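This briefing describes the fold and selected local features of one protein chain. The sequence and the model are shown first, and the points that follow are grouped by topic.

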Amino acid sequence: MLGIDDEKFIRGKIPMTKREIRILTLVNAQIGTNDIVVDIGAGTGSISIEAAKIANKGRVYAVEKNSEGVKLIEQNAEKFSVKNITVINATAPEGLSKISKIDVAIIGGSGGFLEEILSAINNKIKVGGRIVLNCITIQTLANALGWLKFHQEYKYDAVQVQINRFKNLGHYDMAEALNPVHIVTAVKISEMQASNVLNFYAKYERRVVCEI
């Protein structure tokens, strides 16, 4: 069952993906029981924990550069008795170097290296594999969509999610807004040859020149 209550996770100062966004992310990820999942920018490990429960015969790699986050992921994995998580204390894409195969990639933080991370994932993810990105800023969303437009081997969609939680104030209940999140979901539909990608770039550049 998806949607562990936020309060049940051990938390520090590291940001955590809230329950409602976590549920939507994992639904879009469509993780199978035997899948190899990578959670990049894993934070406190909330997504990693739930992903590992779904892929209970597979493996989840939680990539997190912050040492406090690594400790929290390990503590939460122990709390929820999840054994199939490997925590990688590294930045991405370097932290992906020892992972040979990916079925599902979830990106919650990129540290400014989103295009490099997506390229590294592209070399390891199978046809039919899925990438789910949670973008807080417009710049990250634009970079994600820009990369996907140039990689025709992916079919993608994107939604903006705005969650309001109601807070009790005496006799009244008031909506308290969480930060809006853009969720981008991409499915790899083919193995694109390098020549095809180069041809696509060339066509795009010619079109831009003509429009200018």
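Predicted model: local features only at pLDDT ≥ 70, side-chain atom pairs only at ≥ 80, totals over all residues.

Two strands are taken to pair if DSSP finds at least two bridges between them.

**Strand S4 and its partners**

- Strand S4 spans residues 102–107, and six of its six residues are buried, so this strand is largely enclosed by the rest of the structure. Buried here stands for a relative accessible area under 20%.
- Strand S1 (residues 36–40) runs parallel to S4 and is joined to it by four bridges. Within this pairing, Asp 39 stands opposite Ile 106 of S4.
- S4 also pairs with strand S5 (residues 125–135), again in the parallel sense, over five bridges. Here Val 104 stands opposite Arg 130 in S5, and Ile 106 faces Val 132 of S5 as its opposite residue.
- Between S4 and S5 the chain passes through helix H4 (residues 114–122), and this β-α-β crossover is right-handed.

**Helices on the sheet and against each other**

- Two packed helices are described by the angle between their axes and the distance between the axes.
- For H4 and helix H5 (residues 138–149), the axes come within 10 Å and cross at roughly 40°. The crossing of H4 past H5 is right-handed.
- On the H4 side, the contact is made by Leu 114, Glu 115, Leu 118, Ser 119 and Asn 122, and on the H5 side by Thr 140, Asn 143, Ala 144 and Trp 147.
- By residue class, the contact of H4 with H5 divides into four nonpolar, four polar and one charged.

**The S7–S8 hairpin**

- Strand S7 (residues 164–169) and strand S8 (residues 172–177) run antiparallel and are joined by six bridges. Asn 164 has Ala 177 of S8 as its bridge partner.
- S7 and S8 form a hairpin with two residues between them. In the turn, Gly 170 has a positive phi of about 65°.

**Backbone exceptions**

- Most residues other than glycine have a negative phi, and most peptide bonds are trans.
- Ala 92 and Pro 93 are joined by a cis peptide bond, with omega about 15°. Pro 93 belongs to the loop between S3 and S4.
- Gln 30 is not a glycine, yet its phi is positive, at about 50°. Gln 30 sits in the loop between helix H1 (19–29) and S1, and it is exposed, with a relative accessible area of 55%.
- Ser 81, likewise a residue other than glycine, has a positive phi near 55°. Ser 81 lies in the loop between helix H3 (67–79) and S3, and this residue is exposed, with a relative accessible area of 54%.

- Ala 29 is found in helix H1 and is buried, with a relative accessible area of 0%.
- Leaving aside residues up to four places away in sequence, Ala 29 touches Val 104, Ile 106, Arg 130 and Val 132.
- Ala 29 and Gln 162 are 133 residues apart in sequence, and their C-alpha atoms are 19 Å apart in space.
- Asp 6 is placed in the segment before H1 and is buried, with a relative accessible area of 3%.
- Which residues does Asp 6 touch, not counting those up to four places away in sequence? They are Arg 11, Met 16, Thr 17, Lys 18, Arg 19, Arg 22 and Arg 165.

Definitions and conventions. Residues numbered from 1 in each chain as written. Heavy atoms only, no water. Buried < 20%, exposed > 50% of the residue type's maximum accessible area, 1.4 Å probe, protein only. Right-handed = clockwise from strand over helix to strand, strands pointing away. Axes fitted to C-alpha atoms, helices over the stretch in contact; angles between N-to-C directions. Left-handed = near helix turned anticlockwise from the far one by under 90°. Contact = heavy atoms within 4.5 Å. Nonpolar A, V, L, I, M, F, W, Y, C, P; charged D, E, K, R; others polar.
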